[in-house]
Every structure is written in structure tokens, then in C-alpha cells.
Amino acid sequence: MPTKKTTPDFILMIVTFTLLAVGLIMVYSASAVWAEYKFQDSFFFAKRQTLFAGVGILAMFFIMNINYWTWRTWSKTILIVCFVLLVLVLVPGIGNVRNGSRSWIGVGAFSIQPSEFMKLAMIAFLAKFLSEQQKHITSFKKGLVPSLGLAFFAFAMIMLQPDLGTGTVMMGTCVVMIFIAGARISHFVFLGLLGLAGFVGLIISAPYRMKRITSFLDPWSDPLGSGFQIIQSLYAIGPGGLFGLGLGESRQKFFYLPEPQTDFIFAILSEELGFIGGSFILLLFALLLWRGIRIALGAPDLYGSFLAVGIIAMVAIQVMINIGVVTGLMPVTGITLPFLSYGGSSLTLMLMAIGVLLNISRYSRY
């Protein structure tokens, strides 16, 4: 267990707080009109996001001071608890249905989304497994099947809600971790073909997912239906130009882009702050990923390295999917933009993950 502490990564902390500050401002800007109409309080979403941010920051600082080996010790227990929550969320009367998915447990704004926390639990457990079984990772039977099998079981549980976006981020994160651990590319090709067939099956099995694919290829085939969000998102980004319309001056938030404070907040940001503002956010994410990679490379042991890789992969995959959807490069799926989108579970989980990363940095050799 690492014992020699240094100061946490200052750049990572500053980048995280900058993204969080921009996120709080944009949540208010994007949601004020809708919040005033629906709740007669333009600060409705902003106040809740600020509360979630406060809880997340406290959790981040608390976790930053907990030796990351603690997660190795408790990873199995945490994973089991998350699986139990995934079961409970499916029980009518316990799990809450929002936007067609039974993904929340709790009351009103004080609800949690177990699938979000499963992502971090899976990273912690998989890092432990890979660090202990790395010599077997090239074995299809002893290395790849157990690790991917567990991840697929969690993915299946999440899909029962259903929540394809969160499940995809979790599976993508696990694949990156296993690949970094040294799994054979030939095994990935074989499983990748099976996974692609299964993914196509999931899309075909749900008509609304099929509509998202067709709307992605040609959103104007159904401009008032499945293609509506993509079209309105592009209508927001286009007029933003180089410098944007100005903070608070978005037109698409006036009931054109549905709930713009969540998955499509980057479209509103691009409309108000332009190409310069959007590029600044992407630069901040690039800095965050760079610091995370340095921490992973400098971690004193394999567990710390795999844990850091998992966290960075989770953030990177989520950012790529969200930006891809908003810009029309990927089919629409419900994925928040880390630190910026409205959502208590997502924001808290991300800040907790950064807390783990900051703790690893305190023992890093770089």
C-alpha cells in the first residue's frame, strides 16, 4: 500500500473547478426560460445543480484524502451494493420512471441513478482484477472472459431500465482497461464482431432506437419527430459563429431544443459563446485527460494505473459521445457532458472520480 504522500495534481484540480464553474453558469443560462415556464422559478435547475456541485466537491475532497488502495479493499462490496441497487431500481414503487426509463431511486430532485455509480464501481473492481490477474490477461478463458463477462452482466442489468447511453460508456471503459492491461487484439476482434451483432440486435429490438439511427443518417426524414433534436441542436451551433450570440442570448432555449440544460447543453454553449467558447471547453477536457494520463503513468503500482486509466477512459468516452451527438456525428443517446450538464448523480459521480484521481496523483512519481 502506498504511504508517501505529496500534494495533489494542482492543474487537474483547477481544470475541474473551471469546467464546473462554466457548467453552473451554462445550466442557468440554458434552463432559465424552461424553468420559469414550468416552475415559475428561473433558478430552479441552477439551484439544484449548485447543491449537487456542493455535495460533489465535499465528496471529492473527502475521497482525495482516502488512500486509493481502500477502493481495492472494498471494491467487491461496493460492486455488490451497486448490483443490488440495479435490481431495486427495476422494482415498481421503488424505481422512478423518467423519459421512459426506470433509472432512478429516491424522491424528486433527491434521486440517485444507480447505473451512474455502477460505472465507478466497475472501474474499481476491474482495476483490482486486472492488477492481480495480468499474467492471465492474454488467456481468453482465464483473463478476457471473466473480466468482460462481469462487465456484460452489468450492462445487461442497465439495459433492463433501459439506459443504452450509460451502459455503452461503462462497457467502453471496461474494454479500454482490458486492452491497456495487455489483452490480445485477436480476441477483441472476435468479441467485437459478436458485440457489434448484439448492438445491432438491441437497436432493431427497440423501434425508438431504430428511429434514432435513421434520423442520424437523415434527420430531415422526420424533422418533427426523431430528427427534431439533432436539427435544433445544429440550428443552435450554426448561428453561434466564431464568438457566439452572447451569454444568455440563445434562441434555441426558447422551447425549440427540449430540456437544453441536460444532454444538449454544449449546443447552447456553442450558440452563446461560439466556436471560441466550444473550443475552450474541449481544450479543458484535453488538459484533464492529459493530467489523468500522466497520473496513470506515474502511479506506484498496477492497481493505481488501471484505476486512473478507467476514470480517464470513462470521462473521455462520455465527452466524445455527447459532443458527437450534439454535432450530429453520432446517433442521439442520453449521455450527459461531464461537469457541465444538469444531473445530480452524473455530477456527483464525476467529482468523486476526480477525487480518486487526485489521491492517486499524491503518490505519483511524476
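Visitor: Where is glutamine 40 found?

Guide: Glutamine 40 lies in the loop between helix H1 (10-39) and helix H2 (44-64). Helices are DSSP runs of H or I with at least four residues, strands are runs of E with at least two, and both are numbered from the N terminus. This is a predicted model, in which local features need pLDDT of at least 70, side-chain atom pairs count only at pLDDT 80 or more, and totals for chains, interfaces and linings use all residues. Residues are numbered from 1 along each chain as its sequence is written, and side-chain values use heavy atoms, without hydrogens and water.

Visitor: Why is glutamine 40 called exposed?

Guide: Its relative accessibility is 58%. Exposed means over 50% relative accessible area, buried means under 20%, and partly exposed lies in between (1.4 Å probe, protein chains only). Glutamine 40 therefore counts as exposed. This residue also has a positive phi of about 55 degrees, although it is not a glycine.

Visitor: What is the phi of phenylalanine 339, and is this residue buried or exposed?

Guide: Its phi is near 75 degrees, a positive value in a residue other than glycine. Phenylalanine 339 is found in the loop between H11 and helix H12 (344-361). Its relative accessible area is 2%, so phenylalanine 339 is buried.

Visitor: Which residues is phenylalanine 339 in contact with?

Guide: Contact means heavy atoms within 4.5 Å. With neighbours within four places in sequence left aside, the partners of phenylalanine 339 include Thr16, Leu19, Phe285, Leu347 and Ile354.

Visitor: Which residues touch the most other members of the largest nonpolar core?

Guide: They are Met118 and Phe339, in a core of 102 residues. Such a core is a set of buried Ala, Val, Leu, Ile, Met, Phe, Trp, Tyr and Cys residues joined through side-chain atoms within 4.5 Å. Helix H11 (residues 302-326) gives the largest share of this core, 15 residues.

Visitor: How do you know that H4 and H6 are roughly parallel to each other?

Guide: The axes of helix H4 (residues 114-132) and helix H6 (residues 164-181) come within 10 Å and cross at roughly 15 degrees. Axes are lines fitted to C-alpha atoms, for helices over the stretch in contact, and angles between N-to-C directions run from 0 to 180 degrees. Angles under 35 degrees count as roughly parallel, over 145 as roughly antiparallel, 65 to 115 as roughly perpendicular and the rest as oblique. H4 and H6 are therefore roughly parallel. Among the residues making the contact are Met118, Met122 and Leu126 of H4 and Val169, Met170 and Met177 of H6.

Visitor: What makes H10 roughly antiparallel to H11?

Guide: The axes of helix H10 (residues 265-298) and H11 come within 10 Å and cross at roughly 165 degrees. That angle makes H10 roughly antiparallel to H11. The residues that meet include Phe285, Leu288 and Ile293 in H10 and Ile312, Val315 and Val319 in H11. By class, this contact has 17 nonpolar, three polar and no charged residues. Here Ala, Val, Leu, Ile, Met, Phe, Trp, Tyr, Cys and Pro count as nonpolar, Asp, Glu, Lys and Arg as charged, and the others, Gly among them, as polar.

Visitor: Why is serine 270 called buried?

Guide: Serine 270, in helix H10, has a relative accessible area of 7% and is therefore buried. Apart from neighbours within four places in sequence, serine 270 is in contact with Ile237 and Gly240.

Visitor: How many helices and strands does the chain have?

Guide: The chain has 12 helices and three strands. Of its 366 residues, 52% count as buried.
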